[in-house]
Amino acid sequence: MDYHTLSKEELIAHINELENKPYGLVWEKREEFIPQNITLRHNHEHHILKAQGQPTHTLIEGENLYALTLLKKHIYDSLDVICFVPPYFTRNNDLRYTDNFSSNKKNQFKYSEWINFMYHRLVIAKDLLKQDGFIAVHIDEKMHPYLQLLMNDIFGESNFVSDITWQNKYGRANDKKTISSLTEYILIYAKNQKNIQFARTALNQEYVNKTYKNHDNDKRGAWRTSQLYKDKNQKSYKVTSPCGVEWEKPWNVTPETFVKLAYDNRIWWGKDGTAQPRKKIFLAESNGQVEINLWTGKEYGYVGDGKTELEKWIPLKGKFLYPKPVQLEKKILSLHPNKNAKIMDFFAGSGTLGQAVMELNEEDGGKRECLLITNNENNIFDEITYPRLRNVIESRGFKENWLCYHLEHEKDPL
Ligand SMILES: C[S@@+](CC[C@H](N)C(=O)[O-])C[C@H]1O[C@@H](n2cnc3c(N)ncnc32)[C@H](O)[C@@H]1O
């Protein structure tokens, strides 16, 4: 900021702002140009119409800030999930995706321009989310601290849900002098923490095979056992096994409940009927397990897998694109329990999220619909996003529709 050009009032306002914000993120807040007359023009020749009554997705080519500004008038408070990978910050133009943040050397706050760019888009993104919706943003370790503070500012710290660590590489870079990083992050915020509940995941099959047995051929199927007594706070009482062995412990259920469990054959006294009693927990009654914040590459793919997947559909001819693995995107989307969720990616790039949505619908019978926005930087829309989605649909036989639009507006005078 050039302080010499500011009036006395502007300087006072600036000092006030800095003094009233003693910690947190400080950056050079600037307005971005927003045209008055933003419209969506049907890109008729690109529409993909496969089946009536099936999910109909939307693909918009254009500047995402303008698209978001327009969408805010129509789909306020109506998205379940927003998920994206922002353009990376770099000053060296060695980027996988080119960006606009490397040119401005005047900027005295190093990452200010990137933060400002993200700020304007995230503010609108929050407005578009439903009250029980969430946003998931992929981020590398360098920009992670800035993004987290920014998202705390916009969504509120109380709406922080998780910071997932994704193992994106498996081999260490041995030429590093200090530490070789194998991870990236996915920051998740709720629109309103008290309204969200994530889907639980199926129990790990290896764990199920190892833990659940059916020693007594119970009609209800395989079961495991859990402890029935607590050391503290509970009054002891005596119980007797069917073969007459007595046990006195501070059981963690009341005597009445113990009797009910025993009557329903939910107490296990060991194979010979003499062991300390334990409670039977049936696999069929399990409601899965809660998700954890450590996602391995083995399960959800490594960074190279996204590119390999993309190359199945589009020859990349040496283009520097590192999309996230489809498997990883599907995992994020499946956190939302609504299988008909409305989903958006406004940095859609090669369209990985679009493929993930269609695959997930096929796998679980859902009718999720997504809205992708991307610019045509380096012809990405013409040469990659659109042809990828079309090729995926044709080859996999998906019966889903895509409506394509081009964003029209007056030009930024700068
Ligand atoms: C990091 S990439 C996203 C990669 C994407 N997840 C994929 O699967 O390929 C960011 C993408 O956002 C697009 N982009 C960057 N700035 C944009 C803007 N202001 N409006 C619309 N798209 C933008 C770029 O074309 C770039 O491909």
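Visitor: Helices (H or I, at least four residues) and strands (E, at least two) are DSSP runs, numbered from the N terminus. In which helix is the place of P387?

Guide: Residues are numbered from 1 along each chain as its sequence is written. This is a predicted model, in which local features need pLDDT of at least 70, side-chain atom pairs count only at pLDDT 80 or more, and totals for chains, interfaces and linings use all residues. P387 has its place in the run of residues 380–396, which is helix α11.

Visitor: What is the mean pLDDT of the protein chain?

Guide: pLDDT is the predictor's confidence in each residue, from 0 to 100. In this chain, 93% of the residues reach 70 or more. A stretch with pLDDT under 50 runs over residues 91–99, where the model has 17 contacts beyond four places in sequence; two residues are in contact if their C-beta atoms, placed from the backbone, lie within 7 Å. For the protein chain, the mean pLDDT is 91.

Visitor: How many Å separate the centres of the two domains, domain 1 and domain 2?

Guide: The bounds come from an automatic or database domain assignment. Domain 1 takes in 3–201 + 298–408, while domain 2 covers 205–285. Taken over C-alpha atoms, the separation of their centres is 49 Å.

Visitor: Which residues touch the most other members of the largest nonpolar core?

Guide: Such a core is a set of buried Ala, Val, Leu, Ile, Met, Phe, Trp, Tyr and Cys residues joined through C-beta atoms within 7 Å. A residue is buried if 20 or more other C-beta atoms lie within 10 Å of its own, exposed if 12 or fewer, and partly exposed in between, with C-beta atoms placed from the backbone. In soluble globular proteins, nonpolar side chains tend to be buried together. Here the largest core has 71 residues, and those touching the most other members are I82, C83, I186, L187 and I343.

Visitor: Let's stay with I82. Why does I82 count as buried?

Guide: I82 lies in strand β3. Leaving out residues up to four places away in sequence, I82 touches A125, L128, L129, I135 and M344. I82 counts as buried because its C-beta neighbours inside 10 Å number 23.

Visitor: Which residues of helix α9 are buried?

Guide: Helix α9 spans residues 326–333. Seven of its eight residues are buried, so the helix is largely enclosed by the rest of the structure. The buried residues of α9 are V326, L328, E329, K330, K331, I332 and L333.

Visitor: How far apart in space are R368 and H57?

Guide: R368 lies in the loop between α10 (352–364) and β14. R368 is buried, because 24 other C-beta atoms lie within 10 Å. Beyond four places in sequence, the contacts of R368 include P55, L333 and I343. In sequence R368 and H57 are 311 residues apart, yet C-alpha to C-alpha they are separated by 8.7 Å.

Visitor: About what phi does D77 have?

Guide: Most residues other than glycine have a negative phi, and most peptide bonds are trans. D77 is found in the loop between α2 and β3 (79–84), and D77 counts as exposed because it has 12 C-beta neighbours inside 10 Å. Although D77 is not a glycine, its phi is positive, at about 60°.

Visitor: Which residues come nearest to the ligand?

Guide: A residue is near a molecule or strand if its C-beta atom, placed from the backbone, lies within 6 Å of it. For the shell, Ala, Val, Leu, Ile, Met, Phe, Trp, Tyr, Cys and Pro count as nonpolar, Asp, Glu, Lys and Arg as charged, and the others, Gly among them, as polar. The shell divides into seven nonpolar, six polar and three charged residues. Of the 16 residues around the ligand, those that come nearest are N64, P323, G349, S350 and T352.
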